[in-house]
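I opened this entry to look up pockets and aromatic contacts. The notes follow in the order of looking.

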Amino acid sequence: MSTQPPQWGPPSPNSNPYPPAAPAQNPYPGGYPQQAPAGYGYPAAPAPGYPQHGAAHFGLSMKRRNPFAAWLGLPIITFGIYGLVWYYKINKEMAEFDNRRQINPGMSLLAITLGMFLIVPPYVSLYKTGRRIADAQRAAGLQPTCSGGLGLLLGLLGFYGLYYQIQLNKVVDRYGQIQPGTQVPLAA
C-alpha cells in the first residue's frame, strides 16, 4: 500500500478542494422513498405466528413491567424520578405501538411536572393517558378495559401507576413472549 505524503502549501490552481455539486434534478421522480420512523426500527417481517392480511397496520411491541415495581418500588428508591421516566416511556411506547395516534410523550411529561403550577394539565394528561391505553387495547384486538376517569380518580389517591401498568400489561401479554420493539400486527 503506497501512501502519498500530504501536500503542504497553497493548492494548485487546477485542483478543486470541494466535491462536485449534486445534480439539480430529483433522482426519485415519483417522490422520495419513505423512511422508517425513529425509534427501535422495523424488522423485516412481523412477529412469528401472526399472518399478514391485506393492508394491515403494524406497530412495535411494548415492554412488560412489574406493576408494583413501576408504581411503588422504583419510585421510592429513585426519590420519584423513576415515576417520571415511567410516564414518559409508556407514552412513547404507545406512540410507537400505534403510530396512527398522535402522542407526544414530552408534552405528557411536561403536563404532569410543570403543568402542576396551572393545576389543570396534570389531570388532563392522566385522563388522556388512560384513553390512550384503552386505544392501545383496542388496537391489539382486546376489549378496552382501561378507563381514563378511573385513572384520574386513582391519580388523586396515588394509585394511577399501578392501574395503568396492569392495563398496559394486558396489551403486552396479548402478543406473548416477544422482545420489546418487535413488529406486531394491529387488529383495529
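I began with the largest pocket, which has a volume of about 220 Å³. The model is predicted. I listed L84, I112, T113, M116, P122, Y123, L126, G155 and Y160 as the lining of this pocket. Helices α3 (105-113) and α4 (121-139) each supply at least two of the lining residues, and α4 gives the most, with three. I sorted the lining into seven nonpolar, two polar and no charged residues.

Next I took the second largest pocket, which holds about 150 Å³ of space. Its lining includes W71, P75, L84, W86 and Y160. At least two lining residues come from each of α1 (67-77), α2 (81-97) and α6 (160-174). Here I noted six nonpolar, four polar and no charged residues.

I then turned to the rings and found eight aromatic pairs. Y87 is buried at 0% relative accessible area, whereas Y160 is partly exposed at 21%.

F97 and Y175 are also edge-to-face, because their ring centres are 6.1 Å apart and their planes at 65 degrees. F97 lies in α2 and Y175 in the loop between α6 and β2 (183-186), so parts 78 residues apart in sequence are tied together. I noted both F97 and Y175 as buried. The charged end of R174 sits over the Y175 ring, 5.1 Å from its centre.

Last, I recorded one aromatic cluster formed by W86, Y87, Y160, Y163 and Y164.

Terms used
Residues numbered from 1 in each chain as written. Predicted model: local features only at pLDDT ≥ 70, side-chain atom pairs only at ≥ 80, totals over all residues. Heavy atoms only, no water. 1 Å grid on protein atoms, 1.4 Å probe; cavity = no way out; pocket = protein on both sides within 12 Å on 5 of 7 lines; lining within 4 Å. Points joined across faces, edges and corners; volume = space filled by probe spheres on them. Helix = DSSP H or I, 4+ residues; strand = E, 2+ residues; numbered from the N terminus. Nonpolar A, V, L, I, M, F, W, Y, C, P; charged D, E, K, R; others polar. Phe/Tyr/Trp six-rings, centres within 6.5 Å; stacked < 30°, edge-to-face > 60°. Buried < 20%, exposed > 50% of the residue type's maximum accessible area, 1.4 Å probe, protein only. Lys NZ or Arg CZ within 6 Å of the ring centre and 35° of its normal.
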